[in-house]
Each structure stands twice: as structure tokens, then as C-alpha cells.
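Hello,

Here is the structure for you to look through. Please open it first, then read my notes below.

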Amino acid sequence: MNDRKGLGRGARWAAAVWTGGTTAVIAALPWTVSNRLPDHLATHWDGLGDRPDGSMPLWAASLFPAAIWLALALALLLIQRRTAAAAGTGLLPWTAAGLLTSGIVIAGAQASIVRANLDRTDWHQARQPTVWIVASLAAAAAAGVGGWLATARRRKDSPTTGRDGSEPLLEIPEGQRLVWLSRTTNSWFRLLAAVTGLVAVATLVAVVAGLAGTGALLALFSPFAFVFLALTACSSVQARVSERGLEVSFGPLGRPVRRWAPADIESARAENRTPAQVGGWGYRLSGLGTTVMLRAGECLVVRIRGRRGEFAVSVDDAERGAALLNALTAPR
């Protein structure tokens, strides 16, 4: 892929932020409300029984699950590093799914334990937090599936382009179909998305643990969750030109998507643009029209029939994509 190097760097930073941040959340959670917890915390319940049958001192209840998570995450990242180095790929689907699922499971379990012991004078009084454990498992499963789909979709996409040339119009041989595909990733957006996503998860963990009023914590969760979704959607963009026209998809899951049929496109070209020209980074509206600006430089620019403004997206190899698009929209 055109952005393989940047993609791998961004994925590594996101994995590092998630690993370190989740470790800090798991370890710090019991200490934040230590004055409301007994000296020993109930940490184990016998099967489906409601009464605890095992406990740990506060320091052990803090460090033990954090150490388990850190060891598991480092093992996944080490295997990922060796496998990806041999295959020449970015973050593998099972790595993303494993990191998200195991991190949320352990953090959710820690939050459930803290909630069960909260305001108890003795750990024997704690009751098994079944509802919160089930909720954590459901959230972990959803996150794991999302991580798998995001990375699996990215890995299976591979560009197929037309002939090597700089003409603005490609000749498509009779009976053949050509497809052009290019992707751009902004590593900083991915890093910021990982940070805001971690804060949102930490807030939910605090809700599960009952550390503060639910309303106040959800009020904190909402803006961070919104920023996380916005940054994730703008962290990568993929442009695809085929006989169906132009398709521009956003984010690791390829959603949302904008599509234009060949009949809707008047012309296409490659043009260098900078964030200063279009008003900043991300999805920008300016006097030039709409620009998806993830990095300065080459952009695919299309003029849509019946509209004044143009649509531009910052992707590599834009000249070849424009040439193929012009060939598909030209009278045959």
C-alpha cells in the first residue's frame, strides 16, 4: 500500500498508548478510592456463588491484574513484531483484536472488583458484580470484533493500477477493467484518537467502579468519545477508482463513504495542496470546495457536474487515479 510505512508507525504508537494507558488505569483504579475500600479486597467468587472466597491486599489487587495485562500485551506485541517483520505488514488483525479484548476484559474486571468492595468495611461483605462483568465482556467482544474488522479490511485491500504513464487520460483496452486504489494515513490523528479513546474507556471504567456520579462521568465521557470517533474517521482515507466511478471511504472501517458515478464527474486532475490553502487538517470546507486533508502534497481533485466547488482528497499517485477516472468518464 502507498502508506504502509506511515500505517505501521501509527499502529505502533496507538498500540503503545493503549498498552501503557490501560496499565496505568488498571493499577491506579483501587488507589483512587482507597479510603472507601477495606484493607483486603474480595477478588474471587466461588463459581456462581454470591459470596467471595478469596481476597488480596490493596497493593496486590492493584498491581497483580496490571502485571497480567502488561505481560499479555507485551507478548502479543512481541509476536506481532516478529510476524509482521517477516510478512512486511502493519498491525495484524489478531493483534488488534487481542489487545482491545484483553485490555477491556481486565480493566472491566478490575472496575467490577472495586465496585463490589466499595464502601465495605470487610471484604466478606462484597457481592459478586455479575451485571458489570457481563457488560465488560460484551464491550470487550464488540471492541475485539471492531479491531479485527478494521485491520483485516485494510490488509485485504490492494491497489491495481493502469499502465505507468503521466497522461491525463488512460486508454482502457477493450474487454479489460482497471482499478486504482490509494490510501493515506495521518499518524498523529491515530495517536490522538488512541489517547482520547483511552480517556473515554477510563471514564467508563470509573462508571463501572462507581467512583463518582454517573451523570458527571458520562458528561466527561461524551466529548472524549465524540473526539475519538471524529479523529478515527479522519485518521485515514482511501480513494478507489473503478468502472463504478469514485469511492472515498474514511477511517479504518471504511465508513462513512462518499460515492460518485462516472456520469456525475466532469473532470479529474492531480494538484498539490497544503493545509494552509484549505483551512487546516481533516475534512475542510473552503473557497476551493471540499478537501480531505491528511497530509500536504499531492491530491486527487474532481469536479462534480452541477456544483461550483471541487472535491479533493490527499492521496499518493493521484495523477494516475485522475487519468483513469477521466478515461472512465470520457465519451466512448
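D119 and R36 pair through their side chains in a salt bridge, with N and O 2.8 Å apart. D119 sits in the loop between α3 (93–117) and α4 (130–156), and R36 in the loop between α1 (4–32) and β1 (40–45), so the pair ties together parts that are 83 residues apart in sequence. Keep in mind that this is a predicted model.

Is D119 buried or exposed? D119 is exposed, because its relative accessible area is 52% and the cut-off is over 50%. R36 is partly exposed, at 29%.

How many salt bridges are there by this rule? The count is nine.

Two more are worth a look. E271 bridges to R269, with the closest N and O atoms 2.8 Å apart. E271 is partly exposed at 26%, and R269 is partly exposed at 32%. E310 meets R303 at 3.0 Å, N to O. E310 is buried, with a relative accessible area of 9%, whereas R303 is partly exposed at 27%. Through shared partners, salt bridges join R269, E271, R273, R303 and E310 into one network.

Now the sheet. Five strands form an open sheet in the order β7-β10-β11-β9-β8, with mixed pairing. The edge strands are β7 (265–273) and β8 (282–286), and each pairs on one side only. Neighbouring strands are turned by 20° against each other on average, direction ignored.

β7 and β10 (residues 297–304) run antiparallel, joined by eight bridges. Helix α8 (residues 318–329) lies across β7 and β10, at about 170° to β7.

Best wishes

Definitions and conventions
Residues are numbered from 1 along each chain as its sequence is written. This is a predicted model: local features need pLDDT of at least 70, side-chain atom pairs count only at pLDDT 80 or more; totals for chains, interfaces and linings use all residues. Side-chain values use heavy atoms; hydrogens and water are left out. Two strands pair if DSSP finds at least two bridges between them. Helices (H or I, at least four residues) and strands (E, at least two) are DSSP runs, numbered from the N terminus. Axes are lines fitted to C-alpha atoms, for helices over the stretch in contact, and angles run from 0 to 180 degrees between N-to-C directions. Contact means heavy atoms within 4.5 Å. A salt bridge is a side-chain nitrogen of Lys or Arg within 4 Å of a carboxyl oxygen of Asp or Glu. Buried means under 20% relative accessible area, exposed over 50%, partly exposed in between (1.4 Å probe, protein chains only).
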